[in-house]
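Dear colleague,

Please find below the structure that I am handing over to you. My notes on it follow directly after.

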Amino acid sequence: DFEVLQPAIDYYEDNGSATDKLRTYYYQGRIYENQNEHDKAMQCFVLALSEGQSSDDILTKARILYTQGKLYSTIFEWDKCIRTYDEAGNLFKQAGKIDSYINCIACIINVYTITENFEQAEHLIELGMASIDQCSVRIKGYFYSNYLTYISSYNPVNYKDVIAIINKYIESVDYAYIDWLAISNAYININEIKLAKDALDHITKTNNVQQEIKYCALLADVYRKNKKYKDAMDVYMRYVYLTDSLEYHQAKTDLEFIEDRHSLELQNIQNK
């Protein structure tokens, strides 16, 4: 809640440096994000970057841009998502935060894979691999997961390349940080259905709704390819239930107009 932060919010609206305002609005936005009020979170982040434009706190700016990228990805605004992740990654690199820099690269690779912009993904993979040995095991796991999803989605899929990356992934990353959903998806894409099901069997529980949605989608595909159509339909109905959200359209509308509304408010102030 805002009990601790609210006095700072009230004070820094009219006082304090650009850095004070940048950080305060960032913290405010993170609280809203944790409360799943994404429209209010985005409004805070836009205000933070505007009020803190002259601040030299590049790390907070990078964190704001990264979080904006995450919010844009939830509503499939891929161009804005790539832009904010890219800006965040450059600032993280400038601040010497290699983990966060590679994390941003991995996020963009994921977006390029979704949008089938494979040439751009290939370039970022080269950048990521150049620094991967400097990363924590957790970030290595996330990077290899997105690398694997990219290479197993490329058309035509190269069987040997996919197997090589799966093996490299498992060798380089501790078991706890392996994304078995990504591995199962890769096996499905090269038509290794038994191995795909074996990978899913490593998953004893899913951590959030997004993971459960992916799990259901993959399991339904495995059942379908094994001609277990009733099982496939049962899992697919669970998938539909999880993805059927009436809140999506409202969230999309709110987020799309926040930046435009803020720009208009600034223009009105300037005009006055």
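Lys140 is buried but takes part in no salt bridge; buried here stands for under 20% relative accessible area, exposed for over 50%, and partly exposed for what lies in between (1.4 Å probe, protein chains only). The nearest side chain of opposite charge is that of Asp133, 4.4 Å away. For such charges, Lys and Arg count as positive and Asp and Glu as negative, while His and the chain ends are not counted. A salt bridge requires a side-chain nitrogen of Lys or Arg within 4 Å of a carboxyl oxygen of Asp or Glu. Lys140 belongs to helix H8, which covers residues 137-153; helices (H or I, at least four residues) and strands (E, at least two) are DSSP runs, numbered from the N terminus. Apart from neighbours within four places in sequence, Lys140 has contacts (heavy atoms within 4.5 Å) with Ile132, Asp133, Cys135, Ser172 and Val173.

Please note that this is a predicted model, in which local features need pLDDT of at least 70 and side-chain atom pairs count only at pLDDT 80 or more, whereas totals for chains, interfaces and linings use all residues. Residues are numbered from 1 along each chain as its sequence is written, and side-chain values use heavy atoms, with hydrogens and water left out.

As to the overall architecture, the protein has 14 helices and 0 strands. Of its 272 residues, 41% count as buried. Among contacts in the protein with a separation of 6 or more, 57% are between residues 24 or more positions apart. The accessible surface comes to about 15600 Å², and carbon and sulfur atoms account for 47% of it; these areas come from the Shrake-Rupley method with a 1.4 Å probe, and for residues only the protein chains shown count as cover.

Which residues touch the most other members of the largest nonpolar core? They are Ile102, Phe143, Tyr147, Leu148, Tyr150 and Ile183, in a core of 78 residues. Helix H6 (residues 98-114) supplies the largest share of this core, with 10 residues. A nonpolar core is defined as a set of buried Ala, Val, Leu, Ile, Met, Phe, Trp, Tyr and Cys residues joined through side-chain atoms within 4.5 Å. In soluble globular proteins, nonpolar side chains tend to be buried together. Beyond its neighbours within four places in sequence, Tyr150 is in contact with Ile109, Thr113, Phe118, Ala121, Glu122 and Ile125.

The structure holds 0 disulfides, a disulfide being a pair of cysteine sulfur atoms within 2.5 Å. Cys104 is in no disulfide, and the nearest cysteine sulfur, that of Cys107, is 6.1 Å away. Cys104 is buried at 1% relative accessibility. Cys216 is also buried, with a relative accessible area of 5%.

Salt bridges number 11 in the structure. The following three may interest you.

- Glu33 and Arg30 meet through their side chains at 2.7 Å, N to O. Both residues lie in helix H2, 3 residues apart, about one turn of the helix. Glu33 is buried at 12% relative accessibility, whereas Arg30 is partly exposed at 27%.
- Arg83 and Glu87 form a salt bridge at 3.8 Å, N to O. Both are in helix H5 (residues 78-94), 4 residues apart, about one turn of the helix. Arg83 is partly exposed, with a relative accessible area of 36%, and Glu87 is partly exposed at 32%.
- Arg238 and Glu212 form a salt bridge in which the closest N and O atoms are 2.8 Å apart. Arg238 lies in helix H13 and Glu212 in helix H12, so this pair ties together parts that are 26 residues apart in sequence. Arg238 is partly exposed at 33% relative accessible area, and Glu212 is partly exposed at 22%.

Finally, two backbone angles deserve mention. Asn36, a residue other than glycine, has a positive phi, near 65°. Asn36 is placed in the loop between helix H2 (18-34) and helix H3 (38-51), and is exposed, with a relative accessible area of 61%. Phi of Lys227 is likewise positive, near 65°, in a residue other than glycine. Lys227 is found in the loop between helix H12 (209-225) and helix H13 (229-243), and is exposed at a relative accessible area of 63%.

With kind regards
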